[in-house]
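Please find below my notes on this model, arranged as numbered points.

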Amino acid sequence: MDRIVYPIPTGLHAISPELLDLRPDSEVDYDILHPKPISDEKNVWFFWHNGYTNLHPCSQRNIRVWHRRFSK
């Protein structure tokens with residue numbers, strides 16, 4: 001699948017790939033569904049009342065994006 005490359009808006013910068021979790025969605029979903037114990041005082045918390053697997057696909061994608069950005 002071809003990636004669409006969008007221009008970066010003025011004042012923003014691309015995040016280095018070394019700082020992102022670029023594994024396949026299935027692996028990221030496994031980590032989301034099987035969280036590791038808290039190991040740091042800084043955390044990002046999400047709540048979904050019907051379970052991750054019942055979220056709308058767009059909402060699942062949003063959670064994955066946050067996980068990819070902040071899990072490393």
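**Notes on the model**

1. Lys36 counts as exposed, with a relative accessibility of 69%, where exposed stands for over 50% relative accessible area, buried for under 20% and partly exposed for what falls in between, with a 1.4 Å probe and protein chains only. Lys36 belongs to the loop between α1 and α2, and its C-alpha lies 24 Å in space from that of His56, the two residues being 20 apart in sequence.

2. On provenance, this is a predicted model, in which local features need pLDDT of at least 70 and side-chain atom pairs count only at pLDDT 80 or more, while totals for chains, interfaces and linings use all residues. Residues are numbered from 1 along each chain as its sequence is written, and side-chain values use heavy atoms, with hydrogens and water left out.

3. The chain holds two helices and zero strands, where helices (H or I, at least four residues) and strands (E, at least two) are DSSP runs numbered from the N terminus. The radius of gyration of the chain is 14 Å, well over the 11 Å that the globule rule gives for 72 residues, so the chain is more spread out than a compact globule; the radius is taken over C-alpha atoms, and the rule is 2.2 Å times the number of residues to the power 0.38. The C-alpha trace spans about 35 × 30 × 20 Å along its principal axes.

4. Of the 72 residues in the chain, 17% are buried.

5. Helix α1 covers residues 25-33, and its buried residues are Val28, Asp29, Asp31 and Ile32. These residues cover an arc of only 160 degrees around the axis, which puts them on the same side of α1, the arc being that of the directions from the helix axis to the C-beta atoms. Ser26 and Tyr30 are exposed on the other side of α1, whereas the cover over the buried residues includes α2 (57-70).

6. Tyr52 lies in the loop between α1 and α2 and counts as buried, at 3% relative accessibility. Leaving aside residues up to four places away in sequence, Tyr52 touches Asp29, Ile32, Leu33, Gln60, Ile63 and Arg64, a contact being heavy atoms within 4.5 Å. Tyr52 is 26 Å from Arg3, C-alpha to C-alpha, at a sequence separation of 49 residues.

7. His67 is a residue of helix α2, and, with residues up to four places away in sequence not counted, its contacts are Asp21, Arg23, Val28, Asp31 and Ile32. The C-alpha atoms of His67 and Asp21 are separated by 7.7 Å, although the two residues are 46 apart along the chain. For the chain as a whole, among contacts between residues at least 6 apart in sequence, 59% join residues at least 24 apart.

8. Pro9 sits in the segment before α1 and is partly exposed, with a relative accessible area of 48%. Pro9 and Tyr52 are 43 residues apart in sequence, and their C-alpha atoms are 32 Å apart in space.
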